[in-house]
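Please keep the sequence and the model in view while reading.

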Amino acid sequence: MNSIIPINSKDLVETRFVLRRHLNKLRWLTLAIVFFLLILLPFLHLYQTYLAANAYPLLSNNEKLIFNTVESLTSPFTASPESDLNNFKGTTWSGTLFGIQLSDPLAILTSMTASFTISTSFLMSALIPVLLTLVLGRFFCGWICPATFIYELNDNLGTWLHPLFDKVGLPIGRLRFSQRLKYLVLAVCIIVTTTAGTVLISNIYPPAVIGREIYYLIVMGSFGVGSLFFLATMLFDLLIARRGFCRYICPGGALYSLLSRYRILRIKRDVTNCNDCAKCNTVCQFGLDPMQDSFGQDCNNCSACIATCPTDALTFTTSISDVKFQGAGHLGKKYNKQGIGNQL
Amino acid sequence: MERRVFWKVLSGSGLAALMAPIASRAGFAANTRATPRFLRPPGALAEDDFLDRCIRCGKCGESCPNETIKFFDFENGLSSLNTPYIVPREKPCVLCMECGEACPTGAIKKIPHEAEPIMSEVNMGKAVINKDICLSYQGKSCGVCYRACPLPDVSMTVGYMEQPTVTDACVGCGICERACIQMPQAIKIMPRANT
């Protein structure tokens, strides 16, 4: 027995493979795939238009390149792309994926408040997103939303830029507002759609805007006015409040938050493993406080805090409510100072 | 209908000045002001209901095989932002009805790709002929619009010297306006909103 080299418990934690710690990479992959699809689908549409025109010799060199590329991509999967590619249309706002119609719950809500009518098929298109939200919480915000992909990259840029700003004496981008502000925005948006009778909200909802603008860029040749709005939200995030739009303004996020009030899948802190290092609070995109068990309805289960936790203290759990604050982490200095740790 | 009353009350109180960009919805302001001459996609509901229902997802444009459908920026007011439109002189509609199939909300009706339902359901506008400049009416047999019409002898008939006459069955697809060789065009689509 003495021949076995004693293993430091810290090394053990770092070398053990814990699946949930790698979910954040999977999340980035999902975000990237969704974003890639938003770029790919307009090209599929272009390919369909070239096919419909039946005029390959009339295409310019660039158009031929698009035609050949998309043809080589799709030909293994379909013999009749003119009709089959109709199964892949639209954006995350409302789209068709593998022939299944999916819509953002916000699209349903605002369409209903604008027209006071709704078709059954449109209503059903939000069924899968709503059911998933009731179980998984704001998973759309963290795992699907094409705007999140850009905003998180933008936020990473901010972590590089803000120290530089600090050096020249410009401490910007640190403002915090109430997370409840977004419910007010949602309420105002609903009042406006009801009174104006038109779904204006889709022009200020980043995932809808970005999907549309990518389509405009690829098919029409230039961005529309929505791109300016999106740029403004990025600057807001960078220069005024970190991830400010998603945290404080996004009406869709507000709706998803309300739906995920009693979500089943939650992140929970295991107080016996926590060492109060606060790394989870730093990475939390929504400014929550995982270190003190404060998740609430804003948590989008993005698992960034799980990935960064050095002691694997954060885990997934199934419960319809968060646990109350469990006190200082048992591996932390504060807990040991209180002398509670010594009694165990 | 009630909301229109609401807006009229608002306009009386002067608040409408603040909300004017939003209030410029069809049936209230968009129809009466000078707007770009455009058509809505085939099978679109009446302008008022169309703006009610449209969620600006852009799937109509994405399903259009000819890229006929374009999208408004601010040209037609805030209420029309990102809604689909067609300029027949640039690219007319071939009435393939794919956009209605793609529309998730029913803002564009689902209409089968057959002559009967198209003629009864589609109302994008109506072709109007200016006999003063139409070549056939000037003694030069032309007939291009008739050759181009997807519903010949139904929505457009020709007589002596191929002089065209538009009937009530015209759905306003705009192919005749696109085909007209006269400049300026002797045949144009009057959008339904302006008729």
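In chain A of this predicted model, 3 strands make up an open, antiparallel sheet in the order S1-S2-S3. Strands here are DSSP runs (E, at least two residues), as helices are (H or I, at least four), numbered from the N terminus; two strands pair if DSSP finds at least two bridges between them. Strand S1 (89-90) and strand S3 (100-103) of chain A are the edge strands, each pairing on one side only. Strand S2 (residues 94-97) of chain A is joined to S1(A) by 2 bridges, and Gly90(A) has Gly95(A) in S2(A) as its bridge partner.

Residues are numbered from 1 along each chain as its sequence is written, and chains are lettered from A in the order in which they are written. Local features need pLDDT of at least 70, side-chain atom pairs count only at pLDDT 80 or more, totals for chains, interfaces and linings use all residues, and side-chain values use heavy atoms, without hydrogens and water.

The largest nonpolar core has 106 residues. Such a core is a set of buried Ala, Val, Leu, Ile, Met, Phe, Trp, Tyr and Cys residues joined through side-chain atoms within 4.5 Å; buried means under 20% relative accessible area, exposed over 50%, partly exposed in between (1.4 Å probe, protein chains only). Trp93(A), Leu95(B) and Ile187(B) have the most contacts inside this core.

The structure holds 0 disulfides over all chains, a disulfide being a pair of cysteine sulfur atoms within 2.5 Å. The sulfur of buried Cys145(B) lies 6.1 Å from its closest cysteine sulfur, in Cys134(B), too far for a bond.
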